[in-house]
Amino acid sequence: GGARGGGVAWGSWFGGSPLRGLEQLGDGARAPASRRRAPGLVQFTDTGCYGPRGLRLVGSTVLGAFHNKLVEIRQDGSVNLLGQLPGKKAVTIARNNRAPVPDAVAVTEYGAYQVTPTASPRPLSIPGGLPAPNSVTELFGFLFFTAGNGYCYATGVNSLDISTLDYTVEQARPGGLTRGVAFRDELFLF
């Protein structure tokens, strides 16, 4: 195979073995060759589920939401079905900074659920007077929920307790909120 993309060899032979992304370096370089990473995915494991809805690293495992299911994916590639997580649409999953095991919450089209790598999902208690959430995100150990009527409310730090006084209302645009995103120590509400 020939070189393309600035001299990076794709599928070429170097030293008798095929190495993808290997670039031969010229005279004066510290090494005779450099391996460049190439974009792409490789299969890590097969969950046996269909309809991926969202994934989130919680501790040392990945929680995966699929069509009506929640699974735990461990570092060794083994998969454990945790239970039913109702729905077919995309979910948002967030975690706080509680130690040693963080709390995690998934928001589906049917509401908020507490999710852990050790138990079946269970509905999260939202105080009366607050609307059903449509997304969740985390920032500084707090979990922030958005709602379609423009409300954004939060849990306590490293807790799942929600106070009816910890909220704000988006008033700049009609139509409410659809998603909260934490980025660089700031919370953006869309």
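Start by selecting Arg56 and Glu138, whose side chains meet in a salt bridge with an N to O distance of 2.5 Å. The two residues link distant parts of the chain: Arg56 sits in strand E7 and Glu138 in strand E15 (residues 135–139), 82 residues apart. A salt bridge here is a side-chain nitrogen of Lys or Arg within 4 Å of a carboxyl oxygen of Asp or Glu. Strands (E, at least two residues) are DSSP runs numbered from the N terminus. Glu138 is partly exposed, at 23% relative accessibility; buried means under 20% relative accessible area, exposed over 50%, and partly exposed in between (1.4 Å probe, protein chains only).

This is a predicted model, in which local features need pLDDT of at least 70 and side-chain atom pairs count only at pLDDT 80 or more, while totals for chains, interfaces and linings use all residues. Residues are numbered from 1 along each chain as its sequence is written, and side-chain values use heavy atoms, with hydrogens and water left out.

Next, select Glu109 and Arg53, which form a salt bridge at 3.6 Å, N to O. Glu109 lies in the loop between strand E12 (104–108) and strand E13 (111–116), and Arg53 in the loop between strand E6 (33–35) and strand E7 (54–58), so this pair ties together parts that are 56 residues apart in sequence. Glu109 is partly exposed, with a relative accessible area of 33%, whereas Arg53 is buried at 5%.

Then move to Arg98 and Asp103, where the side chains meet in a salt bridge of 3.0 Å, N to O. Arg98 is partly exposed at 36% relative accessibility; Asp103 is buried at 7%.

The structure holds four salt bridges.

How values were computed: Helix = DSSP H or I, 4+ residues; strand = E, 2+ residues; numbered from the N terminus.
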